[in-house]
Amino acid sequence: MLFLGLLLAALGGAAVAAVLTVRGLTAAFRAHERPGWLRAAALLAGAATVAMYAGGLLHVGFAVMRAEDGGAGSFPIEPCREAGPQLASLVDGYAVSYLPIRFECHLSDGGTYVTSSVPGYVNPVVAALGLITATSGILGSTTARRARPPVA
């Protein structure tokens with residue numbers, strides 16, 4: 001069930017990224033002044049942020065799918081095997097973290113460790129693009145307010 005939720009969230013993220021991309025490109029072609037370019041940059045960076053996050057959700061979803069796969073060879077949990085057979089034999093469950101995006105294996109002694117199911121570049125890129133989105137959005141809105149003619 002968790003896999004389906006992650007898959008739907010990733011598909012929703014891809015749809016949102018597509019809408020933001022179209023709006024950003026439309027704003028870029030219409031922009032003749034600085035606030036318009038900053039708005040376009042915010043929309044396009046937001047699209048990239050959402051797309052990268054959705055890609056991270058797909059990686060976690062694939063790890064969840066492998067973890068929930070029953071049958072022969074299903075213990076220890078497949079994504080948790082990368083730590084080696086001794087540590088993997090202590091695994092008694094798993095968890096998914098959404099911020100930062102990661103797949104965690106829980107050990108019977110109470111500890112956890114993070115697997116490499118999500119590539120290492122996903123979380124830093126999402127953070128950097130989110131910062132760029134916020135900065136350009138704030139700058140675009142404040143510059144647009146200053147550029148507006150006063151209402152009489």
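**Figure 1. Overview of the chain.** A residue counts as buried when its relative accessible area is under 20%, and as exposed when that area is over 50%. Glu104, at 14% relative accessibility, is therefore buried. The model shown is predicted. Its chain holds 4 helices and 3 strands. Read from the N terminus, the order of elements is α-α-α-β-β-β-α. The chain has 152 residues, and 32% of them are buried. Among contacts with a separation of 6 or more, 54% join residues 24 or more positions apart. The accessible surface is about 9,100 Å². Carbon and sulfur atoms supply 67% of that surface.

Figure 2. Glu104 belongs to strand β2. Its relative accessibility is 14%, so Glu104 is buried. Which residues does Glu104 touch, not counting those up to four places away in sequence? They are Gly93, Tyr94, Ala95, Ser97, Tyr113 and Val114. Of these, Ser97 sits in strand β1, which covers residues 91–98.

**Figure 3. The salt bridge between Glu104 and Arg102.** Side chains of opposite charge can pair when their charged atoms come close. Here Glu104 forms a salt bridge with Arg102. The closest N and O atoms of the two residues are 2.9 Å apart. The two side chains also make a polar contact, listed at 2.9 Å. How accessible are the two partners? Glu104 is buried at 14% relative accessibility. Arg102 is partly exposed, with a relative accessible area of 30%.

**Figure 4. Ser97 in strand β1.** Ser97 lies in strand β1. It counts as buried, at 14% relative accessibility. Which backbone oxygen does the side chain of Ser97 reach? The oxygen is that of Pro100, at 2.8 Å. With neighbours within four places in sequence left aside, Ser97 is in contact with Arg102 and Glu104. Arg102 and Glu104 are also the partners of the salt bridge in the previous view.

**Figure 5. An aromatic pair, Tyr94 and Phe103.** The chain has 1 aromatic pair by the rule used. The ring centres of Tyr94 and Phe103 are 5.1 Å apart, and the ring planes meet at 20°, so the pair is stacked. The cut-off for stacking is planes under 30 degrees apart. Tyr94 is partly exposed, at 25%. Tyr94 is also one of the residues that Glu104 touches.

**Figure 6. A nonpolar patch on the surface.** Three residues form this patch: Leu2, Tyr98 and Leu99. Together they have about 310 Å² of accessible area. Leu99 lies in the loop between β1 and β2, the latter spanning residues 101–107. Is Leu99 buried or exposed? Leu99 is exposed, with a relative accessible area of 76%.

**Figure 7. Leu6 in helix α1.** Helix α1 covers residues 2–30, and Leu6 lies within it. Leu6 is buried, at 3% relative accessibility. Leu6 and Leu58 are 52 residues apart along the chain. How far apart are their C-alpha atoms? The separation is 6.9 Å.

**Figure 8. The salt bridge between Glu78 and Arg66.** The chain has 2 salt bridges by the rule used. One of them joins Glu78 and Arg66. Their closest N and O atoms are 3.5 Å apart. Arg66 lies in helix α2, while Glu78 lies in the loop between α2 and α3, so the pair ties together parts 12 residues apart in sequence. Both partners are partly exposed: Glu78 has 36% relative accessibility, and Arg66 has a relative accessible area of 23%.

**Figure 9. Met65 in helix α2.** Helix α2 runs over residues 34–67 and includes Met65. Met65 is partly exposed, at 36% relative accessibility.

Terms used:
Residues are numbered from 1 along each chain as its sequence is written. This is a predicted model: local features need pLDDT of at least 70, side-chain atom pairs count only at pLDDT 80 or more; totals for chains, interfaces and linings use all residues. Side-chain values use heavy atoms; hydrogens and water are left out. Helices (H or I, at least four residues) and strands (E, at least two) are DSSP runs, numbered from the N terminus. Buried means under 20% relative accessible area, exposed over 50%, partly exposed in between (1.4 Å probe, protein chains only). Contact means heavy atoms within 4.5 Å. Accessible areas come from the Shrake-Rupley method with a 1.4 Å probe; for residues, only the protein chains shown count as cover. Rings of Phe, Tyr and Trp (its six-membered ring) pair if their centres lie within 6.5 Å; planes under 30 degrees apart count as stacked, over 60 as edge-to-face and the rest as tilted. A polar contact is a pair of N or O atoms within 3.5 Å; within protein, one must be able to donate a hydrogen and the other to accept it, and residues adjacent in sequence count only if both atoms are side-chain atoms. Patches are made of residues with over 30% relative accessible area and no salt bridge: like charges are joined within 9 Å, nonpolar side chains (Val, Leu, Ile, Met, Phe, Trp, Tyr) within 5 Å. A salt bridge is a side-chain nitrogen of Lys or Arg within 4 Å of a carboxyl oxygen of Asp or Glu.
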